[in-house]
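Subject: Structure handover

Hello,

Here is the structure for you to look over. Please open it alongside this message.

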Amino acid sequence: MQITEKVRNCNGCSACIVGCRYSCIHMVEDENGYKQPLIDENGCSKCNNCVLYCPLYMPVELPLFETYYEYDEQYYHRDMPKVYRETIRAARAGNHIQFVGTLCQIAGLKSLMGDKLPPNVQVAPLYCDPEDPKRPECAGCTFWKK
């Protein structure tokens with residue numbers, strides 16, 4: 001079963017990829033150009049880790065942000081699983097980390113870290129919409145925003 005059958009309105013944060021024990025998820029672009037997870041059914045053990053780390057399926061609480069970084073194309077085409085893993089490793093090593101990302105990406109990081117970020121991890125939000133660079137969130141972000 002594909003994740004999108006359980007999780008409606010996937011925002012493409014890629015947290016499911018990091019949560020997968022068997023590395024059988026990768027992102028593909030849909031007909032609208034949005035990234036969606038695709039599971040290799042032959043490698044999947046049906047453990048549901050991918051769903052348990054999804055911030056839409058298991059909502060996380062986002063703080064209210066007063067300021068946002070400007071829209072910047074470089075942040076939207078990063079290898080998010082790699083960024084999440086590096087951030088988590090550095091945080092566990094006790095390093096001070098500033099994670100810059102969209103609200104979807106911040107929710108993905110919080111989901112992977114158990115919804116509580118340690119004090120050495122600071123998050124900074126990016127404006128989300130390239131069509132309206134001052135809009136802080138996309139439609140999918142409203143599903144978990146408190």
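Below is what was found in it, from the overall fold down to single residues.

**Overall**

Please keep in mind that this is a predicted model. The protein has 146 residues, and 45% of them count as buried. Its secondary structure comprises 5 helices and 4 strands. Read from the N terminus, the order is α-α-β-β-α-α-β-α-β. Contacts between residues at least 6 apart in sequence were also sorted by separation: 66% of them join residues at least 24 apart. The accessible surface is about 8400 Å². Carbon and sulfur atoms account for 49% of that surface.

**Helix α5**

Start with α5, which covers residues 103-112. How many of its residues are buried? The count is 10 of the 10, so the helix is largely enclosed by the rest of the structure. The buried set runs through Leu103, Cys104, Gln105, Ile106 and Ala107, then Gly108, Leu109, Lys110, Ser111 and Leu112.

What do these buried residues pack against? Three helices are on the list: α2 (15-19), α3 (49-52) and α4 (80-92). Two strands join them, β3 (97-101) and β4 (121-125). After α5 comes Gly114, with a positive phi near 85 degrees.

Lys110 deserves a look of its own. This lysine sits in α5. Its relative accessible area is 10%, under the 20% cut-off, so Lys110 is buried.

**α4 against α5**

Two packed helices are described by the angle between their axes and the distance between the axes. For α4 and α5, the angle is about 50 degrees and the axes are 11 Å apart. That angle makes α4 oblique to α5. The crossing is right-handed.

Which residues meet here? From α4 come Met80, Tyr84, Thr87 and Ile88. From α5 come Cys104, Gln105, Gly108, Leu109 and Leu112. By type, the contact has 6 nonpolar residues, 3 polar and no charged.

**Ala90**

Ala90 is also in α4. Is Ala90 buried or exposed? Its relative accessibility is 15%, so Ala90 counts as buried. Apart from neighbours within four places in sequence, Ala90 is in contact with Asn95, Ile97 and Asn120. Compare Ala90 with Val121: they are 31 residues apart in sequence, and their C-alpha atoms are 9.2 Å apart in space.

**Backbone points to check**

Most residues other than glycine have a negative phi, and most peptide bonds are trans. Two residues here are worth checking against that.

Ser14 is one of them. Its phi is positive, near 75 degrees, and Ser14 is not a glycine. Where does Ser14 lie? Ser14 is in the loop between α1 (3-6) and α2. At 5% relative accessibility, Ser14 counts as buried.

Lys46 is the other. Lys46 is not a glycine either, yet its phi is positive at about 65 degrees. Lys46 belongs to the loop between β2 (35-39) and α3.

Best wishes

Notes:
Residues are numbered from 1 along each chain as its sequence is written. This is a predicted model: local features need pLDDT of at least 70, side-chain atom pairs count only at pLDDT 80 or more; totals for chains, interfaces and linings use all residues. Side-chain values use heavy atoms; hydrogens and water are left out. Buried means under 20% relative accessible area, exposed over 50%, partly exposed in between (1.4 Å probe, protein chains only). Contact means heavy atoms within 4.5 Å. Axes are lines fitted to C-alpha atoms, for helices over the stretch in contact, and angles run from 0 to 180 degrees between N-to-C directions. Angles under 35 degrees count as roughly parallel, over 145 as roughly antiparallel, 65 to 115 as roughly perpendicular and the rest as oblique. A crossing is left-handed if the near helix is turned anticlockwise from the far one by less than a right angle, and right-handed if clockwise. Ala, Val, Leu, Ile, Met, Phe, Trp, Tyr, Cys and Pro count as nonpolar, Asp, Glu, Lys and Arg as charged, and the others, Gly among them, as polar. Accessible areas come from the Shrake-Rupley method with a 1.4 Å probe; for residues, only the protein chains shown count as cover.
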